[in-house]
Amino acid sequence: MCSLPFKAVVGQARVHLYGHRVSRGPWLLGVQRRRCSGTREGHRVLQHIAEHHVRQFRKYSLDDLLELHKLDPTERLRVLVRELHVGISKIIVCLRDLPLGFSSVGSIQAVIRDYVQDIRDLCQCSPDDEEHMKAAIHAIFIRHRGMLGQIATGLREFQSNLSRSFEPFGNFENTDCAHLSDLVPPVRRIELALDDFFTMRTTLRLLIAHCIQVNPTQGDDLGKGQGMHAMHQLLWRVPDSLRSAKFGSARPQHVGAICMETRPSLILIEAYQHAKYMCHRDFGRASTLLINDIPSDEFLSASSFGIDGTHFPYVDIHLYFVFFEVLKNALLASIRKTSPDKCPPPIRASLNSGTSLLMEDERSVKIADLGEGISKESVRKVWSYFYSTVTPTSRAGEHGRLPLAGRGLGLPVSRVLARYFSGEIDLHSIPKRGTDVYIYV
């Protein structure tokens, strides 16, 4: 997915990688030069990455994942290991290949080191020792759980460094890279490469969750590492009185990472509850959510809520992430427009109506707020990894808490997730009047 410039791939010619002569590889990898230089193990890692990053790596559709699940567990694990070797190698080269010193930023170097460690762990496992291999893959999954925060920190560090480099041309101290994207082509190249990076990362984590199977009833204690499947399963909190009457007592059926009974309305309510909690934590108030003009806490029991045809196969955690990020933005925009002594206006979510909440030919959700809105110029920039409407002083969470906003990754990553299965996100806004976000699944 990430192309290399100036003939980085040299076929069978031999090139030097920090003191190592490696056949068939890019210039790449300033990865831990001190640790790799002069060691056989380091040479093998560099050689391995150079050989694997040129191999084919693709996205997996829902049909691909369902077909993969039909394989026996041993064959599924073999496919997973093969894809991990290729995908991780491509990610390392993608990040190392970025211009303007992006990969030299401390937080980005830390991300690269983690991926290099993934390759080391995989190479140390015998293909015949399935339990050891599964444990290594489990460790890889856990290792990257906080990676979004590292990337966000790296982006801020990079922007600070780049602003200083532009000082001879004027004062760029408060200018984010989103404003420089059209003026400085390498900045645009970084953004496109980050789309590729997050797409490849999504594929790897999706495959791990899909291929490493556990009993989903073994509990959700993720802190103890119980269950790869549980990491990608929503709590699915529905009132007991409604669960028994409408859905039965069982959790939704999953086939690997795919929830075969994905109900967008339930995921929307779940995402709203979490976003509302963060608003009350930080501001002491939050907008209500209306779903098809019905308050969210009444929607499940409303007579218009049918169960026939309201679900479909999808990776539910992807949909949750998209809803959560959009709702956070809507709630924050509504609060910022409203004076502290008043309740912010409601957020309105519209699901396709008819015999089912989501029609088979048009699975779409509209989330609208009456907040402060976004200017025409800023609408284009909201998809940039370098742009945020939140001031830098309010970006960090207190005492390690997840910040309500300010990382700048929410909408760009949401678009990557929506597009992964051929969906889309569209946004329209009028300053001081509000914003409408359309999510196509």
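# Briefing on a predicted single-chain model

In helix 2, His48, Ile49 and His52 meet a group of residues in helix 4, namely His85, Val86, Ser89, Ile92 and Val93. The residues of this contact between helix 2 and helix 4 comprise 4 nonpolar, 4 polar and no charged. The structure is a predicted model. Its chain holds 15 helices and 11 strands, and 53% of the 441 residues are buried.

**Overall organisation**

- Two domains are of interest here: domain 1 covers 40-212, and domain 2 covers 238-390 + 404-440.

**Packing of helix 2 against helix 4**

- Two packed helices are described by the angle between their axes and the distance between the axes.
- Helix 2 spans residues 40-52 and helix 4 spans residues 73-96; the two pack at an angle of about 100°, and their axes lie 8 Å apart.
- This angle makes helix 2 roughly perpendicular to helix 4, because angles of 65 to 115 degrees count as roughly perpendicular.

**The largest nonpolar core**

- The largest nonpolar core has 113 residues, and those touching the most other members are Leu80, Ile137, Ile151, Phe197, Phe323, Leu327 and Ile367.
- Helix 8 (residues 185-211) supplies the largest share of this core, with 13 residues.
- Both domain 1 and domain 2 give residues to this core, so the core lies between them.
- When residues up to four places away in sequence are not counted, Phe323 touches Pro264, Ile267, Leu268 and Ala271, together with Val365, Ile367 and Ile439.

- Thr203 is placed in helix 8.
- Thr203 has a relative accessibility of 1% and therefore counts as buried, since the cut-off for buried is under 20%.
- Not counting residues up to four places away in sequence, Thr203 touches Phe57, Arg58, Lys59, Tyr60 and Tyr420.
- Ile212 lies in the loop between helix 8 and helix 9, the latter covering 228-231.
- Ile212 also counts as buried, at 9% relative accessibility.
- Ile212 and Gly256 are 44 residues apart along the chain, and their C-alpha atoms are separated by 7.9 Å.

- Asp121 belongs to helix 5, which runs over residues 106-123.
- With a relative accessibility of 13%, Asp121 counts as buried.
- Leaving aside neighbours within four places in sequence, Asp121 is in contact with Ala136 and Arg143.
- Pro127 is found in the loop between helix 5 and helix 6.
- Pro127 has a relative accessible area of 71% and is therefore exposed, since exposed means over 50%.
- The C-alpha atoms of Pro127 and Arg78 are separated by 8.1 Å, although the two residues are 49 residues apart along the chain.
- His138 is located in helix 6, made up of residues 130-143.
- His138 has 22% relative accessibility and so counts as partly exposed, a class that lies between the cut-offs of 20% and 50%.
- His138 and Ala209 are 71 residues apart in sequence, with a C-alpha to C-alpha separation of 9.4 Å in space.

**Positive phi values in two loops**

- Ser422 is a residue other than glycine, and its phi has a positive value near 65°.
- Ser422 is situated in the loop between helix 15 (410-420) and strand 10 (424-430).
- The relative accessible area of Ser422 is 71%, so Ser422 is exposed.
- Lys432 is not a glycine, yet Lys432 has a positive phi of about 70°.
- The position of Lys432 is in the loop between strand 10 and strand 11, the latter spanning 434-440.
- Lys432 is exposed as well, with a relative accessible area of 69%.

Terms used. Residues numbered from 1 in each chain as written. Predicted model: local features only at pLDDT ≥ 70, side-chain atom pairs only at ≥ 80, totals over all residues. Heavy atoms only, no water. Axes fitted to C-alpha atoms, helices over the stretch in contact; angles between N-to-C directions. Helix = DSSP H or I, 4+ residues; strand = E, 2+ residues; numbered from the N terminus. Parallel < 35°, antiparallel > 145°, perpendicular 65-115°, else oblique. Contact = heavy atoms within 4.5 Å. Nonpolar A, V, L, I, M, F, W, Y, C, P; charged D, E, K, R; others polar. Core = buried A, V, L, I, M, F, W, Y, C linked by side-chain atoms within 4.5 Å. Buried < 20%, exposed > 50% of the residue type's maximum accessible area, 1.4 Å probe, protein only. Domains from an automatic or database assignment.
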